[in-house]
Amino acid sequence: MRGRYRVATAAVALLALTASACGGGGKARTKVTPAPPRPTPTPVALTPQLAADRFRSWTVNDDVARAAGDERLALSWVVDGQYALTAAEFRKAAHDGDPVPRFSFGRPTFYVPRFQDVRTYPQWFVASVPRTEQGKPKSTRTALMAFILRSPGDQWKLSVETDLAPKAEPPKVVVDAQGYATALETGDTSVLIRPRDLPGIQATIAAEGPSSVASNVMASGPVTTGMNADIRAARKKARKHGLAFSSVVVATPYPIFALRAEHGSALVLYSLFRSNSLSVKAKDRHRRKPPIPPETAHLLDGTVPGYEIDYTETLQLAASDPAKPKSGMNSPKADVIGYFGTISKASAPLPKPS
């Protein structure tokens with residue numbers, strides 16, 4: 001009897017211990033198994049062949065998105081200034097009831113910097129390629145397109161796309177025997193204007209016009225002195241209609257892409273913002289609203305609650321930056337040879353409390 005009692009007692013104790021280990025109450029505790037760590041993407045060396053492959057993939061994916069009218073998909077393939085421009089393009093098409101423009105591309109030329117360490121990011125390359133809007137055979141222009149990869153786990157995206165001016169002569173980018181170009185640091189001082197200073201120089205001319213000191217180093221053109229003339233004309237037109245107009249051109253936080261070209265010069269791609277404001281003068285605010293500029297209609301809902309309309313243009317640009325001259329020698333000026341832009345944001349803010 002005692003032996004059987006001891007065995008039964010031991011069995012009860014074992015069951016109690018098991019139940020306690022399972023959390024009690026007869027409910028089994030779920031064993032948590034930690035998820036295995038996600039593998040770190042392996043960096044891949046950027047080569048001219050890889051750039052060509054990524055360019056082809058991008059054009060296919062971009063066209064699929066445009067053919068389907070899928071804005072979300074299209075935006076997944078662009079970044080920086082090109083993101084804002086692509087979003088505006090889709091919204092304008094929807095507002096006008098038109099299909100989103102689609103493009104055909106000719107044979108590209110690639111300018112691929114050689115990155116000594118495959119772990120260097122961001123990586124980037126530039127493609128120069130004839131581009132034609134489908135259905136408009138006379139629209140063919142040479143597009144300069146900068147693609148960027150910010151990390152090994154990311155995908156290649158378009159950051160800058162600008163059109164070469166019809167009569168522009170771009171500097172010839174230097175390419176070595178293996179097909180690689182040379183990237184310049186944005187602070188490089190071997191050229192007339194450091195690449196990072198080009199946006200500021202252009203913005204200064206847009207604000208001050210041909211009399212600006214900055215005009216000594218950057219040539220006149222449609223988006224330098226021409227932009228200044230456009231701003232002055234818009235201001236004059238607004239005054240004629242009893243309105244106030246202001247416009248400020250500023251640099252963006254987006255990347256600058258600079259490549260070494262022949263004779264020590266550089267080809268530089270970059271972006272600018274032009275922020276505009278159209279408003280009713282204070283003495284007239286009791287009786288009128290500012291008219292909605294037609295070019296902003298697709299970004300507004302058709303109403304103006306206050307007395308002001310603000311809108312921003314995103315500009316994508318390419319410049320030829322000559323080598324810094326030797327002491328006592330004259331140098332050609334930097335020249336903006338490619339430009340594209342459109343209004344990418346607009347708002348009609350509520351009146352400010354008096």
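**View 1. Asp-80, a buried loop residue.** With a relative accessibility of 13%, Asp-80 counts as buried in this predicted model, because buried means under 20%. Look for Asp-80 in the loop that runs between α3 (71-75) and α4. Its phi is near 60°, a positive value in a residue that is not glycine.

**View 2. His-263, an exposed loop residue.** Here we visit the loop between β8 (257-260) and β9, where His-263 is found. Although His-263 is not a glycine, its phi is positive, at about 60°. Is His-263 buried or exposed? His-263 counts as exposed, with 77% relative accessibility, because exposed means over 50%.

**View 3. The cis peptide bond at Pro-122.** Tyr-121 and Pro-122 are joined by a cis peptide bond, with omega at about 0°. To find the spot, follow the loop between β2 (109-113) and β3, where Pro-122 lies.

**View 4. Thr-59 in helix α2.** Thr-59 sits in helix α2, which spans residues 48-68. A polar atom of the Thr-59 side chain lies 2.8 Å from the backbone oxygen of Arg-56. Thr-59 counts as buried, at 15% relative accessibility.

**View 5. The largest pocket.** This pocket holds about 610 Å³ of space. Its lining has 27 residues, and those closest to the centre are Glu-89, Pro-101, Phe-103, Glu-133 and Phe-340. Two or more lining residues come from each of α4 (81-96), β3 (123-133), β5 (157-163) and β11 (335-347). Which element gives the largest share of this lining? That is α4, with eight residues. Sorted by class, the lining of the largest pocket has 11 charged, eight polar and eight nonpolar residues.

**View 6. The second largest pocket.** Our next stop is the second largest pocket, with about 440 Å³ of space. Closest to its centre, among 18 lining residues, are Lys-237, Leu-278, Pro-293, Glu-295 and Tyr-311. At least two lining residues each are supplied by α6 (225-240), β7 (243-251), β9 (266-280) and β10 (308-321). The largest share, four residues, belongs to α6. By class, this lining divides into 11 nonpolar, five charged and two polar residues.

**View 7. Confidence along the chain.** The protein chain has a mean pLDDT of 89, and 88% of its residues reach 70 or more. Over residues 1-25, however, the pLDDT is below 50, and this stretch has six contacts in the model beyond near neighbours in sequence.

Notes:
Residues are numbered from 1 along each chain as its sequence is written. This is a predicted model: local features need pLDDT of at least 70, side-chain atom pairs count only at pLDDT 80 or more; totals for chains, interfaces and linings use all residues. Side-chain values use heavy atoms; hydrogens and water are left out. pLDDT is the predictor's confidence in each residue, from 0 to 100. Contact means heavy atoms within 4.5 Å. Buried means under 20% relative accessible area, exposed over 50%, partly exposed in between (1.4 Å probe, protein chains only). A polar contact is a pair of N or O atoms within 3.5 Å; within protein, one must be able to donate a hydrogen and the other to accept it, and residues adjacent in sequence count only if both atoms are side-chain atoms. On a 1 Å grid over the protein atoms alone, a cavity is a set of points where a 1.4 Å probe fits but cannot get out, and a pocket is an open set with protein on both sides within 12 Å along at least five of seven lines; lining residues have an atom within 4 Å of a point. Grid points are joined across faces, edges and corners, and a volume is the space filled by probe spheres set on the points. Ala, Val, Leu, Ile, Met, Phe, Trp, Tyr, Cys and Pro count as nonpolar, Asp, Glu, Lys and Arg as charged, and the others, Gly among them, as polar.
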